[in-house]
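Student: I would like to go through this structure step by step. Please show me the sequence and the model, and then I will ask about them.

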Amino acid sequence: MVNKINYLSLQKLDHPLLIDVRSPFEFEQGHISGAINLPVLDNASRQDVGRLYRHVNPEAAKLRGMEYMAQNLPKYFKRFLELQTNHTPVFYCKSGGFRSSAIVGLLDGIGEKVYQLEGGYKAYRQHLMTYFDQVSPQINFVALDGLTGCGKSLILKEIQRQGGQIIDLESLANHRGSHFGHVGLGKQPSQQSYESRLAQALSQLQPGYVFIEGESASIGKVHSPQSFYNAYKDSPHQVLIEANLEKRIQILMADYLPNGEDNNLQEIMDALQGMNKMNPQRKAKHLQALEQGDYTSVIQDLMLNYYDQHYTLINRHFEHHLIHHHPEQAAQQLLTWYPSSKKL
């Protein structure tokens, strides 16, 4: 009899270890936060089994799956023993079906204390959406808003250093949220992985204020759950961060061309090329300036004549306005206005 457990009961186990038995491709697309991947079928094997399931019959697919699994069982069991030390293993697959039940049944049959996650990853995803809807409205968000380059991310990190609570959406999404937001950062997580990361961050919060950037719902290729987005956008605690032009240029230079190095220059130029709505002559002028090392003029023009034009204060109410000179001072001021934000 396979020992099944639902996601909400996981924390009752002694040091649970989530083991995702799906293929590496499925795991990369999204998995439960903290899980490790120990696939019973690799990418190619899974595709073969899936083809049999769709075009022949489920029995043929299961037989092929068992053949693949049998070939790798000694290696699989050895790796399992290495991982399960001082943990309670909980296996899951897509929906609590053949893959996880097969390996759990086998391990249980030889005396290993293991569990199968009821409903698999699909059940976890359903739990996640419910979690966002239930938890988001309960969080007392302080949303930091302001023009591109005003230093909201710097201030957030300083708030965290000083003991305040934050949700850093740009770090979770691995993207700065603008057209150039991917530069120098590499690949973004999948939508499912982003949501798992976000849920994990929310689960660690304590009662009190939580600082967050007033990002749009979309951050690069991922987007925040609607209930979560509404919670910080509709919060009564909205703070406008302002900085002078020189400060904004300095911040953007540090973000995109750190230490004056041009390692990210090609990515910046490619992103500029992709701005289809920009006048071709103006684009050519900027590309030439970048090639000549004149980064400041390009940054200034993009801020004043592109990004700032898309930002509006109409019908916006801000509880406080803050001029950003130094992140440390800005963080101190925010923690003075919202003193209960420090972790308990």
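**Strand, sheet, helices and salt bridges**

Tutor: Ile166 has its place in strand β7; helices (H or I, at least four residues) and strands (E, at least two) are DSSP runs, numbered from the N terminus. The model is a predicted one, where local features need pLDDT of at least 70, side-chain atom pairs count only at pLDDT 80 or more, and totals for chains, interfaces and linings use all residues. Residues are numbered from 1 along each chain as its sequence is written, and side-chain values use heavy atoms, with hydrogens and water left out.

Student: Is Ile166 buried or exposed?

Tutor: The terms rest on relative accessible area: buried means under 20%, exposed over 50%, and partly exposed in between (1.4 Å probe, protein chains only). Ile166 has a relative accessible area of 11%. Ile166 is therefore buried.

Student: Which residues does Ile166 touch, not counting residues up to four places away in sequence?

Tutor: Contact means heavy atoms within 4.5 Å. With residues up to four places away in sequence left out, Ile166 touches Leu156, Ile159, Gln160, Leu205, Val210 and Phe211.

Student: What is the order of the strands in the open sheet of 5 strands?

Tutor: Two strands pair if DSSP finds at least two bridges between them. In this open sheet the pairing is parallel, and the order is β7-β8-β6-β11-β12. Each edge strand pairs on one side only, and these strands are β7 (166–167) and β12 (320–323).

Student: In β11, which residue is the bridge partner of Asp145?

Tutor: Strand β6 (residues 140–145) pairs with strand β11 (residues 238–242) in the parallel sense, over 3 bridges. The partner of Asp145 in β11 is Leu240.

Student: What angle does the direction of helix α6 make with that of β8?

Tutor: Helix α6 (residues 152–161) packs on the sheet and touches β6, β7, β8 (209–213) and β11. Axes are lines fitted to C-alpha atoms, for helices over the stretch in contact, and angles run from 0 to 180 degrees between N-to-C directions. For α6 and β8 the angle is about 155 degrees.

Student: Why are the buried residues of α14 said to be on the same side?

Tutor: In helix α14 (residues 327–337), the buried residues are Ala330, Ala331, Leu334 and Leu335. The arc is that of the directions from the helix axis to the C-beta atoms. These residues are on the same side of α14 because they cover an arc of only 130 degrees around the axis.

Student: How many salt bridges are there?

Tutor: A salt bridge is a side-chain nitrogen of Lys or Arg within 4 Å of a carboxyl oxygen of Asp or Glu. Side chains of opposite charge can pair when their charged atoms come close. By this rule the count of salt bridges is 14.

Student: Is Arg64, which meets Asp48 in a salt bridge, buried or partly exposed?

Tutor: The N to O distance between the side chains of Asp48 and Arg64 is 2.6 Å. Asp48 lies in helix α2 (residues 43–55) and Arg64 in helix α3 (residues 58–83), 16 residues apart. Asp48 is buried at 13% relative accessible area. Arg64 has 28% relative accessibility, so Arg64 counts as partly exposed.

Student: Arg282 forms a salt bridge with Asp301; how many residues apart in sequence are the parts that the pair ties together?

Tutor: The closest N and O atoms of Arg282 and Asp301 are 2.8 Å apart. Arg282 lies in helix α12 (residues 280–291) and Asp301 in helix α13 (residues 295–307), so the parts tied together are apart in sequence by 19 residues.
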